[in-house]
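Look at the model first, then read on.

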Amino acid sequence: MSKKEKSSASSRRDFMKTSATALAGFYIVPRHVLGGPGFIAPSDKLRVASVGVGGMGGGDVRGIFSTGKVDMVALCDVDDTRAKASRDAHPKAAYYKDYRVMLEKEASNIDAVSVSTPDHMHAVIAMMAMKMGKHVYVQKPLSHDIYEARMLTEAAEKYKVVTQMGNQGSSGDGVRKMVEWYNAGLIGEATKVYTWTNRPVWPQGIKWPDQPVTPPADLDWDKWLGTAPYKDYVGNLVPFNWRGWWDYGTGALGDMACHIMEPPFRVLGLGYPKSAEASVGSVYVGEFQRGYFPESCPPSSHITLRFDRPGKEDLEFHWMDGGIQPTRPEELEPNEQMGDGGNGVIIEGTEGKMMCSTYGINPQLLPTSRTKDINVPETLYRVPGGDGGHYANWVEACIGGYGSKEYDLLSSPFSVAGPLTESVLMGNLAIRSYDYRLARDGDSNQFDYPGRGIKLVWDGENMKITNFEPANQFVKRTYREGYSL
(Lines give C-alpha, C1' and ligand atoms only; values in the text may rest on other atoms or scores of the structure.)
Protein backbone atom coordinates (compact mmCIF):
# COMPACT_ATOMS: atom_id res chain seq x y z
CA MET A 1 0.00 0.00 0.00
CA SER A 2 1.45 3.39 -0.95
CA LYS A 3 1.87 6.16 1.57
CA LYS A 4 -0.88 8.19 -0.06
CA GLU A 5 -3.33 5.34 0.49
CA LYS A 6 -2.57 5.09 4.18
CA SER A 7 -4.71 6.76 6.82
CA SER A 8 -3.38 8.85 9.67
CA ALA A 9 -0.94 7.43 12.20
CA SER A 10 -3.56 7.40 14.92
CA SER A 11 -5.97 5.44 12.73
CA ARG A 12 -3.30 2.86 12.02
CA ARG A 13 -2.58 2.44 15.70
CA ASP A 14 -6.29 2.09 16.47
CA PHE A 15 -6.58 -0.58 13.77
CA MET A 16 -3.73 -2.57 15.27
CA LYS A 17 -5.27 -2.41 18.72
CA THR A 18 -8.68 -3.49 17.45
CA SER A 19 -7.28 -6.32 15.35
CA ALA A 20 -5.26 -7.68 18.26
CA THR A 21 -8.34 -8.24 20.34
CA ALA A 22 -10.87 -9.12 17.65
CA LEU A 23 -9.55 -12.64 16.96
CA ALA A 24 -9.34 -14.92 19.98
CA GLY A 25 -5.94 -16.50 20.30
CA PHE A 26 -4.44 -14.39 17.48
CA TYR A 27 -1.48 -12.29 18.61
CA ILE A 28 0.28 -9.58 16.63
CA VAL A 29 3.81 -8.76 17.74
CA PRO A 30 4.37 -4.96 17.56
CA ARG A 31 7.05 -3.94 15.07
CA HIS A 32 8.99 -2.01 17.72
CA VAL A 33 9.42 -5.34 19.56
CA LEU A 34 10.62 -7.12 16.44
CA GLY A 35 13.00 -4.29 15.68
CA GLY A 36 14.71 -4.33 19.06
CA PRO A 37 15.48 -1.50 21.50
CA GLY A 38 15.31 1.98 20.01
CA PHE A 39 13.49 0.83 16.85
CA ILE A 40 10.54 3.02 15.82
CA ALA A 41 8.07 1.42 13.46
CA PRO A 42 7.14 3.55 10.43
CA SER A 43 3.54 3.49 11.65
CA ASP A 44 4.66 5.18 14.87
CA LYS A 45 6.56 8.00 13.18
CA LEU A 46 5.08 11.45 12.92
CA ARG A 47 4.77 12.56 9.31
CA VAL A 48 5.61 16.27 9.14
CA ALA A 49 5.36 18.97 6.50
CA SER A 50 7.31 22.19 7.11
CA VAL A 51 6.53 25.67 5.77
CA GLY A 52 9.48 28.07 5.77
CA VAL A 53 12.57 25.86 5.79
CA GLY A 54 15.48 28.29 5.57
CA GLY A 55 17.12 30.24 8.40
CA MET A 56 15.15 29.67 11.61
CA GLY A 57 12.89 27.34 9.67
CA GLY A 58 15.87 25.21 8.75
CA GLY A 59 16.71 24.99 12.44
CA ASP A 60 13.16 23.89 13.18
CA VAL A 61 13.35 21.18 10.49
CA ARG A 62 16.60 19.90 12.00
CA GLY A 63 15.26 20.04 15.55
CA ILE A 64 12.02 18.24 14.74
CA PHE A 65 13.77 15.57 12.66
CA SER A 66 16.50 15.03 15.26
CA THR A 67 13.94 13.53 17.65
CA GLY A 68 14.25 10.31 15.62
CA LYS A 69 10.48 9.92 15.53
CA VAL A 70 9.70 12.01 12.45
CA ASP A 71 9.53 11.54 8.71
CA MET A 72 9.87 14.82 6.79
CA VAL A 73 7.27 14.27 4.07
CA ALA A 74 7.07 17.72 2.47
CA LEU A 75 8.91 21.05 2.50
CA CYS A 76 7.59 24.44 1.40
CA ASP A 77 9.39 27.72 0.85
CA VAL A 78 9.09 30.72 -1.46
CA ASP A 79 12.88 31.10 -1.60
CA ASP A 80 14.69 28.25 -3.36
CA THR A 81 18.14 29.35 -2.20
CA ARG A 82 17.13 29.54 1.44
CA ALA A 83 15.41 26.17 1.19
CA LYS A 84 18.40 24.35 -0.33
CA ALA A 85 19.98 23.02 2.86
CA SER A 86 16.71 21.50 4.08
CA ARG A 87 15.97 20.04 0.67
CA ASP A 88 19.43 18.50 0.48
CA ALA A 89 18.98 17.00 3.95
CA HIS A 90 15.59 15.49 2.99
CA PRO A 91 15.77 14.66 -0.72
CA LYS A 92 12.74 12.36 -0.57
CA ALA A 93 10.48 15.12 0.76
CA ALA A 94 8.19 16.71 -1.81
CA TYR A 95 8.94 20.41 -2.38
CA TYR A 96 6.38 23.17 -2.85
CA LYS A 97 6.34 26.95 -3.21
CA ASP A 98 2.73 27.45 -2.07
CA TYR A 99 1.64 26.09 1.31
CA ARG A 100 -1.98 25.86 0.14
CA VAL A 101 -1.06 23.54 -2.69
CA MET A 102 1.15 21.49 -0.39
CA LEU A 103 -1.53 20.99 2.26
CA GLU A 104 -4.14 20.04 -0.31
CA LYS A 105 -1.92 17.55 -2.14
CA GLU A 106 -0.26 16.04 0.93
CA ALA A 107 -3.33 15.97 3.19
CA SER A 108 -3.44 12.18 3.41
CA ASN A 109 0.33 11.86 3.83
CA ILE A 110 0.98 14.13 6.81
CA ASP A 111 0.05 14.24 10.48
CA ALA A 112 1.55 17.58 11.47
CA VAL A 113 2.84 20.90 10.12
CA SER A 114 5.58 23.24 11.33
CA VAL A 115 5.34 26.94 10.46
CA SER A 116 8.51 29.05 10.45
CA THR A 117 7.68 31.87 8.03
CA PRO A 118 7.78 35.63 8.67
CA ASP A 119 5.23 36.67 11.28
CA HIS A 120 2.52 37.89 8.89
CA MET A 121 1.99 34.35 7.51
CA HIS A 122 1.90 32.32 10.74
CA ALA A 123 -1.83 32.40 11.39
CA VAL A 124 -3.22 31.61 7.93
CA ILE A 125 -0.92 28.62 7.46
CA ALA A 126 -1.50 27.23 10.95
CA MET A 127 -5.26 27.70 10.68
CA MET A 128 -5.49 25.87 7.36
CA ALA A 129 -3.51 22.97 8.81
CA MET A 130 -5.61 22.80 11.99
CA LYS A 131 -8.86 22.82 10.02
CA MET A 132 -7.50 19.73 8.23
CA GLY A 133 -6.93 18.07 11.60
CA LYS A 134 -3.14 18.46 11.53
CA HIS A 135 -1.06 19.14 14.63
CA VAL A 136 0.96 22.36 14.39
CA TYR A 137 4.24 23.80 15.65
CA VAL A 138 4.39 27.57 15.07
CA GLN A 139 7.35 29.84 15.59
CA LYS A 140 7.02 32.77 17.95
CA PRO A 141 5.20 35.07 18.01
CA LEU A 142 2.20 32.84 17.47
CA SER A 143 0.62 35.47 15.22
CA HIS A 144 0.99 38.96 13.82
CA ASP A 145 -2.27 40.29 15.30
CA ILE A 146 -4.20 39.89 18.52
CA TYR A 147 -7.29 38.62 16.67
CA GLU A 148 -5.23 35.91 14.97
CA ALA A 149 -3.85 34.72 18.31
CA ARG A 150 -7.35 34.38 19.75
CA MET A 151 -8.62 32.52 16.68
CA LEU A 152 -5.70 30.07 16.74
CA THR A 153 -6.19 29.43 20.46
CA GLU A 154 -9.86 28.64 19.97
CA ALA A 155 -9.16 26.51 16.87
CA ALA A 156 -6.73 24.28 18.77
CA GLU A 157 -9.56 23.18 21.04
CA LYS A 158 -12.20 23.12 18.32
CA TYR A 159 -10.20 20.83 16.03
CA LYS A 160 -8.59 18.88 18.89
CA VAL A 161 -5.04 19.09 17.60
CA VAL A 162 -1.70 19.21 19.40
CA THR A 163 -0.11 22.66 19.32
CA GLN A 164 3.17 24.23 20.39
CA MET A 165 4.72 27.68 19.96
CA GLY A 166 8.44 27.86 19.28
CA ASN A 167 9.52 29.55 22.49
CA GLN A 168 11.95 26.87 23.60
CA GLY A 169 12.63 28.46 26.98
CA SER A 170 9.18 27.30 28.08
CA SER A 171 10.63 23.77 28.15
CA GLY A 172 13.64 24.81 30.23
CA ASP A 173 14.34 23.94 33.85
CA GLY A 174 14.88 27.59 34.79
CA VAL A 175 11.26 28.63 34.33
CA ARG A 176 10.05 25.69 36.39
CA LYS A 177 12.51 26.46 39.15
CA MET A 178 11.23 30.04 39.31
CA VAL A 179 7.64 28.81 39.59
CA GLU A 180 8.64 26.54 42.48
CA TRP A 181 10.50 29.36 44.22
CA TYR A 182 7.53 31.67 43.88
CA ASN A 183 5.05 29.04 45.06
CA ALA A 184 7.30 28.43 48.07
CA GLY A 185 6.91 32.11 49.00
CA LEU A 186 10.57 33.08 48.57
CA ILE A 187 9.75 36.57 47.27
CA GLY A 188 6.29 36.96 48.77
CA GLU A 189 3.53 38.44 46.61
CA ALA A 190 4.71 39.81 43.24
CA THR A 191 4.15 43.54 42.80
CA LYS A 192 6.11 44.54 39.66
CA VAL A 193 7.79 42.86 36.70
CA TYR A 194 10.55 44.32 34.52
CA THR A 195 11.50 42.75 31.18
CA TRP A 196 13.92 44.14 28.61
CA THR A 197 15.89 43.45 25.43
CA ASN A 198 18.64 45.04 23.35
CA ARG A 199 16.65 44.31 20.18
CA PRO A 200 16.06 45.54 17.52
CA VAL A 201 19.33 44.53 15.88
CA TRP A 202 17.98 45.42 12.42
CA PRO A 203 16.94 48.81 10.98
CA GLN A 204 13.80 50.36 12.51
CA GLY A 205 12.37 53.84 12.72
CA ILE A 206 13.24 54.43 9.06
CA LYS A 207 11.52 55.42 5.82
CA TRP A 208 10.36 52.76 3.37
CA PRO A 209 12.90 52.66 0.51
CA ASP A 210 11.99 54.88 -2.44
CA GLN A 211 13.57 52.76 -5.15
CA PRO A 212 12.18 49.29 -5.92
CA VAL A 213 14.59 46.70 -7.26
CA THR A 214 14.22 43.44 -9.15
CA PRO A 215 13.53 40.45 -6.85
CA PRO A 216 16.06 37.61 -6.89
CA ALA A 217 15.19 35.00 -9.50
CA ASP A 218 14.85 32.27 -6.87
CA LEU A 219 12.38 34.23 -4.71
CA ASP A 220 8.64 34.22 -5.39
CA TRP A 221 7.97 37.75 -4.16
CA ASP A 222 4.19 37.62 -4.57
CA LYS A 223 3.93 34.48 -2.42
CA TRP A 224 6.37 35.94 0.11
CA LEU A 225 4.03 38.95 0.50
CA GLY A 226 1.14 36.58 1.13
CA THR A 227 -1.42 38.28 3.38
CA ALA A 228 0.33 41.68 3.21
CA PRO A 229 -0.63 44.49 0.79
CA TYR A 230 1.18 44.33 -2.52
CA LYS A 231 4.33 46.43 -2.76
CA ASP A 232 7.23 46.37 -5.17
CA TYR A 233 10.28 44.47 -3.95
CA VAL A 234 12.95 46.54 -2.20
CA GLY A 235 16.44 45.75 -1.04
CA ASN A 236 17.52 45.06 2.55
CA LEU A 237 14.20 43.44 3.47
CA VAL A 238 14.48 39.69 2.80
CA PRO A 239 15.55 37.45 4.48
CA PHE A 240 16.01 39.20 7.86
CA ASN A 241 15.08 42.88 8.09
CA TRP A 242 11.34 42.38 7.46
CA ARG A 243 11.10 42.23 11.26
CA GLY A 244 11.17 46.02 11.44
CA TRP A 245 8.17 46.65 9.16
CA TRP A 246 4.59 46.44 10.46
CA ASP A 247 3.21 44.75 7.33
CA TYR A 248 5.38 41.70 7.95
CA GLY A 249 7.03 41.76 11.36
CA THR A 250 6.21 42.62 14.94
CA GLY A 251 9.37 44.48 15.93
CA ALA A 252 11.46 43.85 19.02
CA LEU A 253 8.41 42.70 20.98
CA GLY A 254 7.51 40.03 18.46
CA ASP A 255 11.09 38.87 18.14
CA MET A 256 12.02 38.53 21.82
CA ALA A 257 9.08 39.10 24.17
CA CYS A 258 7.73 35.55 23.88
CA HIS A 259 11.13 34.39 25.15
CA ILE A 260 11.51 37.05 27.85
CA MET A 261 7.95 37.69 29.06
CA GLU A 262 7.13 33.97 29.25
CA PRO A 263 8.91 33.27 32.59
CA PRO A 264 6.93 35.84 34.60
CA PHE A 265 3.73 34.86 32.79
CA ARG A 266 4.21 31.28 33.87
CA VAL A 267 5.40 32.14 37.38
CA LEU A 268 2.46 34.44 38.07
CA GLY A 269 -0.23 32.69 36.02
CA LEU A 270 -1.14 35.82 34.07
CA GLY A 271 -3.91 36.17 31.47
CA TYR A 272 -5.07 39.16 29.45
CA PRO A 273 -3.90 42.65 30.51
CA LYS A 274 -6.48 45.25 31.53
CA SER A 275 -4.59 48.26 30.15
CA ALA A 276 -1.52 49.34 28.22
CA GLU A 277 0.61 52.48 28.02
CA ALA A 278 3.49 53.28 25.68
CA SER A 279 6.35 55.69 25.27
CA VAL A 280 8.29 55.45 22.02
CA GLY A 281 11.74 56.56 20.93
CA SER A 282 11.96 59.20 18.22
CA VAL A 283 14.15 59.76 15.18
CA TYR A 284 14.73 63.40 14.22
CA VAL A 285 15.38 64.21 10.58
CA GLY A 286 16.02 67.91 11.18
CA GLU A 287 15.99 70.58 13.88
CA PHE A 288 12.81 70.07 15.91
CA GLN A 289 11.60 67.85 13.05
CA ARG A 290 10.57 64.42 14.22
CA GLY A 291 10.53 61.77 11.52
CA TYR A 292 7.20 60.10 10.90
CA PHE A 293 7.56 56.57 9.54
CA PRO A 294 4.31 54.72 10.31
CA GLU A 295 5.29 51.67 8.24
CA SER A 296 8.32 51.00 10.44
CA CYS A 297 8.53 49.80 14.03
CA PRO A 298 10.21 52.35 16.34
CA PRO A 299 13.87 52.31 17.43
CA SER A 300 12.91 51.84 21.09
CA SER A 301 9.88 51.67 23.35
CA HIS A 302 8.71 51.26 26.92
CA ILE A 303 5.40 49.48 27.49
CA THR A 304 3.52 49.24 30.77
CA LEU A 305 0.83 46.58 31.04
CA ARG A 306 -1.42 46.14 34.05
CA PHE A 307 -3.00 42.85 34.99
CA ASP A 308 -6.06 42.45 37.17
CA ARG A 309 -5.63 39.76 39.84
CA PRO A 310 -8.80 38.99 41.82
CA GLY A 311 -8.33 39.64 45.51
CA LYS A 312 -4.91 41.24 44.93
CA GLU A 313 -3.52 44.54 43.77
CA ASP A 314 -3.01 44.97 40.04
CA LEU A 315 0.34 43.78 38.74
CA GLU A 316 2.49 46.36 36.96
CA PHE A 317 4.40 44.75 34.07
CA HIS A 318 7.12 46.66 32.16
CA TRP A 319 8.66 45.88 28.78
CA MET A 320 11.64 47.89 27.45
CA ASP A 321 13.48 47.51 24.15
CA GLY A 322 16.07 49.28 22.02
CA GLY A 323 18.64 49.08 24.82
CA ILE A 324 16.45 50.73 27.48
CA GLN A 325 16.77 48.94 30.82
CA PRO A 326 15.23 49.29 34.27
CA THR A 327 17.19 50.70 37.19
CA ARG A 328 19.52 48.12 38.68
CA PRO A 329 18.15 46.54 41.87
CA GLU A 330 19.97 47.65 45.00
CA GLU A 331 20.52 43.98 45.84
CA LEU A 332 22.88 43.55 42.86
CA GLU A 333 26.56 44.21 43.49
CA PRO A 334 28.01 47.03 41.32
CA ASN A 335 29.80 44.66 38.94
CA GLU A 336 27.21 41.88 38.86
CA GLN A 337 25.45 41.39 35.54
CA MET A 338 21.75 42.20 35.36
CA GLY A 339 19.95 39.50 33.38
CA ASP A 340 22.28 38.41 30.60
CA GLY A 341 23.41 41.97 29.94
CA GLY A 342 21.27 42.78 26.92
CA ASN A 343 18.10 41.00 28.01
CA GLY A 344 16.47 39.92 31.22
CA VAL A 345 13.64 39.63 33.73
CA ILE A 346 13.23 40.92 37.28
CA ILE A 347 10.20 40.03 39.40
CA GLU A 348 9.77 42.19 42.49
CA GLY A 349 7.82 40.85 45.45
CA THR A 350 6.83 41.93 48.92
CA GLU A 351 9.54 39.70 50.45
CA GLY A 352 12.28 39.74 47.81
CA LYS A 353 13.17 39.66 44.13
CA MET A 354 14.16 37.11 41.49
CA MET A 355 15.96 37.52 38.18
CA CYS A 356 16.71 35.49 35.07
CA SER A 357 18.13 35.76 31.57
CA THR A 358 16.48 35.15 28.19
CA TYR A 359 14.48 31.86 28.04
CA GLY A 360 14.41 31.76 31.86
CA ILE A 361 18.08 30.72 31.94
CA ASN A 362 20.15 31.25 35.09
CA PRO A 363 17.37 32.04 37.57
CA GLN A 364 18.63 33.78 40.71
CA LEU A 365 17.25 35.23 43.88
CA LEU A 366 18.45 38.70 44.86
CA PRO A 367 20.88 39.26 46.36
CA THR A 368 22.41 36.44 44.32
CA SER A 369 24.09 35.04 47.43
CA ARG A 370 20.64 33.79 48.49
CA THR A 371 20.45 31.42 45.53
CA LYS A 372 23.05 28.91 46.68
CA ASP A 373 21.32 28.41 50.02
CA ILE A 374 17.86 27.63 48.60
CA ASN A 375 16.66 24.04 48.52
CA VAL A 376 13.07 24.01 47.28
CA PRO A 377 11.65 20.59 46.30
CA GLU A 378 10.96 19.99 42.61
CA THR A 379 7.20 19.74 42.14
CA LEU A 380 6.90 20.36 38.40
CA TYR A 381 7.58 18.08 35.45
CA ARG A 382 10.98 18.57 33.79
CA VAL A 383 11.16 18.21 30.01
CA PRO A 384 13.95 15.76 29.12
CA GLY A 385 16.75 17.86 27.69
CA GLY A 386 15.26 21.10 29.01
CA ASP A 387 14.88 23.76 26.33
CA GLY A 388 16.69 21.41 23.96
CA GLY A 389 13.78 19.01 24.35
CA HIS A 390 11.17 21.49 23.14
CA TYR A 391 10.72 19.82 19.74
CA ALA A 392 10.51 16.33 21.26
CA ASN A 393 7.97 17.65 23.76
CA TRP A 394 5.70 18.46 20.80
CA VAL A 395 6.51 15.36 18.74
CA GLU A 396 5.76 13.01 21.65
CA ALA A 397 2.44 14.76 22.25
CA CYS A 398 1.52 14.50 18.56
CA ILE A 399 2.24 10.77 18.59
CA GLY A 400 0.32 10.38 21.84
CA GLY A 401 -2.55 12.44 20.46
CA TYR A 402 -4.87 15.17 21.72
CA GLY A 403 -5.77 14.59 25.37
CA SER A 404 -3.00 12.01 25.97
CA LYS A 405 -0.66 12.12 28.96
CA GLU A 406 2.03 13.48 26.62
CA TYR A 407 -0.38 16.20 25.53
CA ASP A 408 -0.83 17.25 29.16
CA LEU A 409 2.95 17.73 29.43
CA LEU A 410 3.22 20.23 26.55
CA SER A 411 5.27 23.30 27.42
CA SER A 412 3.66 25.93 25.19
CA PRO A 413 0.31 24.77 23.79
CA PHE A 414 -1.82 27.49 22.28
CA SER A 415 -3.93 27.57 25.45
CA VAL A 416 -0.81 29.06 27.09
CA ALA A 417 0.95 30.62 24.09
CA GLY A 418 -2.19 32.39 22.85
CA PRO A 419 -2.79 34.65 25.88
CA LEU A 420 0.97 35.28 26.14
CA THR A 421 1.10 36.33 22.47
CA GLU A 422 -1.95 38.57 22.89
CA SER A 423 -0.23 40.40 25.74
CA VAL A 424 2.96 40.76 23.67
CA LEU A 425 0.96 42.17 20.76
CA MET A 426 -0.91 44.49 23.12
CA GLY A 427 2.42 46.27 23.45
CA ASN A 428 2.53 46.74 19.67
CA LEU A 429 -1.05 48.01 19.66
CA ALA A 430 0.00 50.64 22.22
CA ILE A 431 3.06 51.59 20.12
CA ARG A 432 1.01 52.02 16.96
CA SER A 433 -1.64 54.00 18.83
CA TYR A 434 1.12 56.27 20.11
CA ASP A 435 2.04 57.08 16.50
CA TYR A 436 -1.53 57.55 15.29
CA ARG A 437 -1.90 61.10 14.02
CA LEU A 438 -4.60 63.49 12.79
CA ALA A 439 -4.26 66.68 10.80
CA ARG A 440 -4.89 69.68 13.05
CA ASP A 441 -7.96 71.72 12.01
CA GLY A 442 -7.56 70.72 8.39
CA ASP A 443 -3.93 71.90 8.21
CA SER A 444 -1.99 69.12 6.46
CA ASN A 445 1.28 70.42 7.93
CA GLN A 446 0.19 70.34 11.59
CA PHE A 447 -0.73 67.18 13.44
CA ASP A 448 -2.09 65.95 16.75
CA TYR A 449 -1.25 62.57 18.29
CA PRO A 450 -4.30 61.72 20.43
CA GLY A 451 -2.99 58.27 21.38
CA ARG A 452 -0.06 59.68 23.34
CA GLY A 453 -0.10 60.28 27.07
CA ILE A 454 -3.16 58.12 27.66
CA LYS A 455 -3.83 54.67 29.12
CA LEU A 456 -5.49 52.26 26.69
CA VAL A 457 -8.20 50.30 28.51
CA TRP A 458 -8.55 46.77 27.16
CA ASP A 459 -11.66 44.59 27.16
CA GLY A 460 -9.87 41.28 26.77
CA GLU A 461 -12.94 39.12 26.35
CA ASN A 462 -14.16 41.19 23.41
CA MET A 463 -10.70 42.18 22.10
CA LYS A 464 -11.48 45.88 22.14
CA ILE A 465 -9.95 49.13 23.41
CA THR A 466 -12.82 50.88 25.13
CA ASN A 467 -11.51 54.46 25.42
CA PHE A 468 -9.66 55.14 22.13
CA GLU A 469 -11.43 53.79 19.06
CA PRO A 470 -8.58 54.38 16.55
CA ALA A 471 -6.50 51.77 18.43
CA ASN A 472 -8.90 49.01 17.41
CA GLN A 473 -7.73 49.10 13.81
CA PHE A 474 -4.56 47.38 15.06
CA VAL A 475 -6.39 44.41 16.60
CA LYS A 476 -7.09 42.74 13.25
CA ARG A 477 -5.63 43.14 9.76
CA THR A 478 -7.36 42.96 6.40
CA TYR A 479 -5.69 40.28 4.28
CA ARG A 480 -4.87 40.52 0.63
CA GLU A 481 -7.26 38.61 -1.66
CA GLY A 482 -6.59 34.89 -1.68
CA TYR A 483 -5.80 34.59 2.04
CA SER A 484 -8.10 34.12 5.01
CA LEU A 485 -8.46 32.45 8.38
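A charge sits over a ring if NZ of Lys or CZ of Arg is within 6 Å of the ring centre and within 35 degrees of the ring normal. Keep in mind that this model is predicted. Arg 437 lies over the face of Phe 447, 3.7 Å from the ring centre. Lys 476 lies over the face of Tyr 147, at 4.3 Å from the ring centre.

Now to rings that pair with rings. A pair of aromatic rings is described by the distance of the centres and the angle of the planes. The whole structure holds 14 aromatic pairs. Two of them are set out here.

| Pair | Centre to centre | Angle between planes |
|---|---|---|
| Trp 208 and Trp 245 | 4.9 Å | 80° |
| Phe 265 and Phe 307 | 5.5 Å | 90° |

Planes over 60 degrees apart count as edge-to-face, so the Trp 208 and Trp 245 pair, at 80°, is edge-to-face. The Phe 265 and Phe 307 pair is also edge-to-face.

Where do Trp 208 and Trp 245 lie? Trp 208 is in the loop between strand S7 and helix H9, and Trp 245 is in the loop between H9 and helix H10. The pair therefore ties together parts 37 residues apart in sequence. Trp 208 is buried, at 14% relative accessible area. Trp 245 is buried too, at 5%. Both belong to one aromatic cluster, along with Trp 221, Trp 224, Tyr 233 and Tyr 248.

The phenylalanine pair also links distant parts of the chain. Phe 265 sits in helix H11 and Phe 307 in strand S11, 42 residues apart. Both are buried.

Technical notes: Residues numbered from 1 in each chain as written. Predicted model: local features only at pLDDT ≥ 70, side-chain atom pairs only at ≥ 80, totals over all residues. Heavy atoms only, no water. Phe/Tyr/Trp six-rings, centres within 6.5 Å; stacked < 30°, edge-to-face > 60°. Helix = DSSP H or I, 4+ residues; strand = E, 2+ residues; numbered from the N terminus. Buried < 20%, exposed > 50% of the residue type's maximum accessible area, 1.4 Å probe, protein only.
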